[in-house]
Amino acid sequence: MNMNTTKPTFTIDQVAMRITNSSAVRHIFWKLIDEVMAENPTFTEDNSDEVLTELAFKLNNLAYDIETSDAHDEHHKTTTKHSQYQRAVFQLKNDLSDLGYRG
């Protein structure tokens, strides 16, 4: 039995169509895809699984940073833009996790 069949393989565009339809979520998705591709020049659409797995790792790191941010940042946490960003990061992380990309 092939153990690799537990994680579905999607193209980047297929994942983009399956994530939450929110401009903030989509903005973060494409921004991080661009970062992952820039940091890993060997990544292409042909190895989208690696790209998406790396994206999931980045999102886990962002979520961890948000959860563990210092108390003196409390002022920033209450701004609308910041809270929208936080919600979008967590939503995208959940969307990718639902698709099998947990980082």
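A residue is called buried when its relative accessible area is under 20%, exposed when that value is over 50%, and partly exposed in between (1.4 Å probe, protein chains only). By this criterion, 31% of the 103 residues of the protein count as buried.

The structure is a predicted model, in which local features need a pLDDT of at least 70, side-chain atom pairs count only at pLDDT 80 or more, and totals for chains, interfaces and linings use all residues. Residues are numbered from 1 along each chain as its sequence is written, and side-chain values use heavy atoms, with hydrogens and water left out.

**Confidence and overall organisation**

The pLDDT is the predictor's confidence in each residue, from 0 to 100. Its average over the protein is 84, and 81% of the residues score at least 70. The secondary structure comprises 5 helices and 0 strands; helices (H or I, at least four residues) and strands (E, at least two) are DSSP runs, numbered from the N terminus. Among these elements, helix 2 (residues 23-39) has the highest mean pLDDT, 94, whereas helix 4 (residues 74-77) has the lowest, 56. Where pLDDT is low, the predicted coordinates should not be read in detail.

A contact means heavy atoms within 4.5 Å. Among contacts between residues at least 6 apart in sequence, 60% join residues at least 24 apart.

A nonpolar core is a set of buried Ala, Val, Leu, Ile, Met, Phe, Trp, Tyr and Cys residues joined through side-chain atoms within 4.5 Å. The largest one has 24 residues, and those with the most contacts inside it are Val15, Phe29, Leu52, Leu55, Leu59 and Leu92. Helix 1 (12-18), helix 2, helix 3 and helix 5 (80-98) each supply at least two residues of this core. Leaving aside neighbours within four places in sequence, Phe29 is in contact with Ile12, Val15, Ala16, Ile19, Leu52, Leu55 and Leu92.

The buried residues of helix 3 include Val51, Leu52, Leu55, Leu59 and Ile66. Seen down the helix axis, the buried residues of helix 3 fall within an arc of 165°, so they line one face of the helix; the arc is that of the directions from the helix axis to the C-beta atoms. The face turned away from this buried side carries the exposed residues Asn61 and Tyr64.

Ser48 belongs to helix 3. Ser48 is buried, with a relative accessible area of 5%, and Asn47 is buried at 18%, whereas Glu45 counts as partly exposed at 37%.

The side chains of these residues make polar contacts, that is, pairs of N or O atoms within 3.5 Å; within protein, one must be able to donate a hydrogen and the other to accept it, and residues adjacent in sequence count only if both atoms are side-chain atoms.

| Side chain | Backbone atom | Distance |
|---|---|---|
| Glu45 | nitrogen of Ile12 | 3.2 Å |
| Asn47 | nitrogen of Thr44 | 2.6 Å |
| Ser48 | oxygen of Phe10 | 2.7 Å |

Not counting residues up to four places away in sequence, Ser48 touches Phe10, Thr11 and Ile12, and Glu45 touches Thr11, Ile12, Asp13 and Met37. The C-alpha atoms of Ser48 and Thr9, 39 residues apart along the chain, are separated by 8.0 Å.
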